[in-house]
Every structure is written in structure tokens, then in C-alpha cells.
Amino acid sequence: MATMATTATMAERGPALEVRDLTTRYGPVTALNTVTVRARPGEITAVLGANGAGKTTLLRTISGLVRGSDGSVLLGERDLTRAPAEAIARAGVAHVPEGRGVITELTVEENLRLGDLLGARRADRRYHLADVYDLFPALAERRRREANSLSGGERQMLVIARALLSGPEVLLLDEPSLGLAPRIVARIFGILRDLVDRDGLTVLLVEQNARSALSIADAGFVLNLGRVVAAADARTLAADDELRHAYLGF
Amino acid sequence: MQQFVNVTLGGLSQGAIYAAFALALVLIWRATRIINFAQGSMAMFTTYVALVLIEAGHSYWLAFGAALLGGLVLGAVVERLVIRPVEGGPALNAVIVTLGLFVAFQAIAALLFGSSFESFPAPFGLSGFRVGEFTVAFTPFSAFVIGSVVVVMLGLVALFRFTDVGLRMRASAFNQEVARLLGVRVGGMLTLGWALAAAVGSLAGLLIAGGNLVHPAYMDGVIVYGFVAAVLGGLDSPGGAVVGGLLIGLALSYVSGYLGSELVTLAALAILVAVLLVRPHGLFSRAAERRV
């Protein structure tokens, strides 16, 4: 009952992250066309779609790396539209970019310290270095090594750990499964699901691998050519044969 | 034997200055991927500031501090006003801009301070220590030169290794986008990098000037040797810059001592070409690629 009560209050607070009618152009190309996406607190929201659907652009516009030409981005009550990337990060949006975003010249621990420095500004931070080393023991063993020496799976763990340390209100993950063995993907997704269930983390998960993503997501949005073509809870999306064949490829 | 000792000691103290200068180039290269050809001119400028203060009756040390502080400010201002607008554009644009600054600073210095040779004092004695019956070519000022370069180097290592701001600077240098996503104000870190580099460059300028003559072009030779030292060390590696500086200082001192001083510039060029042929990324760089 206690959990249900918390979920109810969270739902009443409205979405943790809301993207309203967002349009992003690269010169003459419209990469995002009036896209509206909501991530509810304490849930995993998947953004699915083929290559070039605009998934990465969506995350890059949210986190301020790319400037949207229209629409708005709200983190709770705060309007982050067109704020600089570093300000958005400080506001509590942790973007783990595609290709992992490990700073390979730094050691594992130095990478983590960068997240920790950002998290230290927040009174409500939940994770400290010891917590993420517990969560990902492989990182603890390699803390003094250069991040360059890590495997793909370890790199993905490193950037998720770094993002957790930064004390995020919303975690944006761009294709965490890319180039990883299915076994590793399952492990990382399992850890993510646990964190969401245990700590009420909010995740916006961009994935081309729709089947895996929907297996852990609560809700999903499907993008095609820069537009949202479907939005529903994860189970409904996974059960929609037409949608799966047309856009999700499984 | 005595000549060998003298030539070696002279090479070491000269090399320490090249090391400081190379360090300044490496700091800027790491932060912004720009070779700052104006480094020498900027150092010359702040050395003139020190000279003006000394001639106005202030102590050497006050002038020394003012020149280093002036270097910090000058580096920050140059980055903000001149380099920032061309950052992110083609790499060549920034290089041309630093070449422009190189000329501009010399011209401004000639206007403000005149273009005649002026002598610059040294804070310590310039006659060699006596060892037994010999006088070696190692002076109290040489000791100061080497000591201050070592102090600066250790200070930079401590800054980058052990402080939060050092970590943020390295993150900004290695991966601007990821640094921004981690809340680092990359612009501020780049400004700080330029400021620090210009201060280290100013130190090199002051050390070259000590007990010598200064004029608006007195740093030109040092730019060449400092650049060779930086490339020798691999441009990305502060430790490499220091080793490169010492090596080039020693090598040129041997060439000058045993072969003839007119061959020094040629020797520097030969060393540069030889190193680039054998190790295109320098002696200490781990980088597999370089965007030039």
C-alpha cells in the first residue's frame, strides 16, 4: 500500500520531464517535428524508432547540446528550453550520450569524480562513490586504470555510474545496448530496472533495440522521421503487431 | 672535462627555460588544440611591464610578480576576446589569429616601450660557482632558473592531478561535450588554461631576460626552440615538454660548445625533423591521431 501511495503522489506531481511540441532543425532538415514526450517520475520511458528517426536529436535537444527551434523542455516546473548544456546538467538532467561518453584519457575514478563533483552540489543526492562501486564491482577493481582499458560493457557501466553520482532527477540514456553482447545488455538493463524500482529513478531510454527496451520500460514513444507516431504504455506497444512490424523491427 | 661540465650545465639551465616555454605551448594545445604562436610575444610584453616597474624604482620581485599576474590577465583576455570567436572554426583560422597577435604585440611593444635594446636585471649573481680551483658555468641565477621551472612544473602536476579544478580542466581539454554534460563550464576552463599558459610563458620570458638584453623581438629564438621542445615531447604531454626542453637545451649547448654557435638554429631544425621522422607524435605522446 505504501508504494501505491507514493506512486499516486508522484503521478499527481505530473511528469518529471516534459518535452512539448519540440522542433529541431539542422539547416534545411527538420530532425524533430513538434515532438511531445513525457517521462513520468519513477518510471522508465522508452523512445523507440529506426536509425534517423530523431531519437538522438531528441536527447541532444533536451540536454542543450543542440538548440531547438521551437517548443519547450520542462524539468518538473523548471523551463530548460534553450538553456546551455552545463546549466541543464546542473539542473539535474544527466545525459549519457551515444557512444558512451567515457573520457578515455582519464582514469575510471577520475571519470566518476566528475559526476561526483556535480552531485556534490545537490542536497538530495542518493549515490556516492561507495554505492556505485557496490553496484558495479568491476569499476572498483579498475578504479586506477585509464578508462581506455575498459571493455564496452564496463564503459557503459562507468557512464551510468557517473550519471548516477551526478544526482540526476532524470537520466537520459542514448542507445546503451549499442555494440554490447546480449548477456551484458540484459545485465545492465536489469540493474537499471532495479534502480528505478528501488530508488524511484526516472529514466528516458532511447533505443533502437525495441524488444529489450520494452522489456524493462513502463511507457514508450515511437518516433518515425522526426514525429511521434505512437505513445502508450510499454505492454500495449509490445502487443501492437502492426506497430512492431512497421517501426520497431521485431 | 671542464668544458663538458660547463656546456652541460649551461644547456640544463637554458633547457629549463625552453621547458617552461614548451609547457606553456602544451597547456594551450591541450586545452584548445591551438598552437599559440603569440606565446613569445605575450611573454615579451609582460617582461617589458616588469622592466617598466623596475625602472620606476620598484623591486625585482614586485616586478616579477606583476609580470606573472600580467601574464594571467593577458592570457585570459586574449582567449576571451580574440580566440573565443574563432574557436570551433577551422583550426587554421586560430593559427592565423595567433600569428596576427604575434606581430601585433611586437608592434605595440615597440610603440609603448621603444625598439632599442635594454638591459634586464637578474635577481641573483651571474658569475659562476667555484668548485675547487675551477669556475663552472653555473651561476646562482641558473639555479634560480632551474628551481623556478621545477616549482612551476610540480605546481601544474599537483593542479591537474589533485584538484577539482584541474580535473575539470582536463575533462574540458579531452572532451568538451562530455564535460558540458557533466556541468563543467568549459568556456571558463579554456580561459583559465590560456591564463595559466600565458603566466608560465611570462616566467620563461623573465628567465630569458634575466641578465640579458630585451627588445621587442628577443623571444623569437625561444619560440622556435620552445616549439621544437614541445613537439619533441609530443605536444600533449606536460612531462614530455619538460624533458623535450631539457634535451633541446643540452643538445644545442653541445652543438654550440663543440661545433660552433652558428650551427645552433640548424641543429634545432635537424633535431625536429629527425624526431618527427622517427616518432611522428613526439617522444611522449600516446595519441594515435592528431588534428592539425
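Student: In strand β8(A), which residue is the bridge partner of A:D174?

Tutor: This is a predicted model. Strand β7 of chain A covers residues 170-174 and strand β8 of chain A covers residues 203-207; 4 bridges join the two, and they run parallel. Within β8(A), the bridge partner of A:D174 is A:V206.

Student: Which strands of the open sheet in chain A stand at the edges, and why is one side of each left without a neighbour?

Tutor: The open sheet of chain A holds 6 strands with mixed pairing, in the order β6-β7-β8-β3-β9-β10. Each edge strand has a single partner strand, so one side of it is left without a neighbour in the sheet. The edge strands of chain A are β6 (93-96) and β10 (227-233).

Student: What angle does the direction of helix α2 of chain A make with that of β7(A)?

Tutor: From one strand to the next, the twist of this sheet averages 15 degrees. Helix α2 (residues 55-62) of chain A packs on the sheet, where it touches β3 (44-48), β6, β7, β8 and β9 (219-224) of chain A. The angle between the direction of this helix and that of β7(A) is about 145 degrees.

How values were computed. Residues numbered from 1 in each chain as written. Chains lettered and ligands numbered in written order. Predicted model: local features only at pLDDT ≥ 70, side-chain atom pairs only at ≥ 80, totals over all residues. Pairing = 2+ DSSP bridges. Axes fitted to C-alpha atoms, helices over the stretch in contact; angles between N-to-C directions. Contact = placed C-beta atoms within 7 Å.
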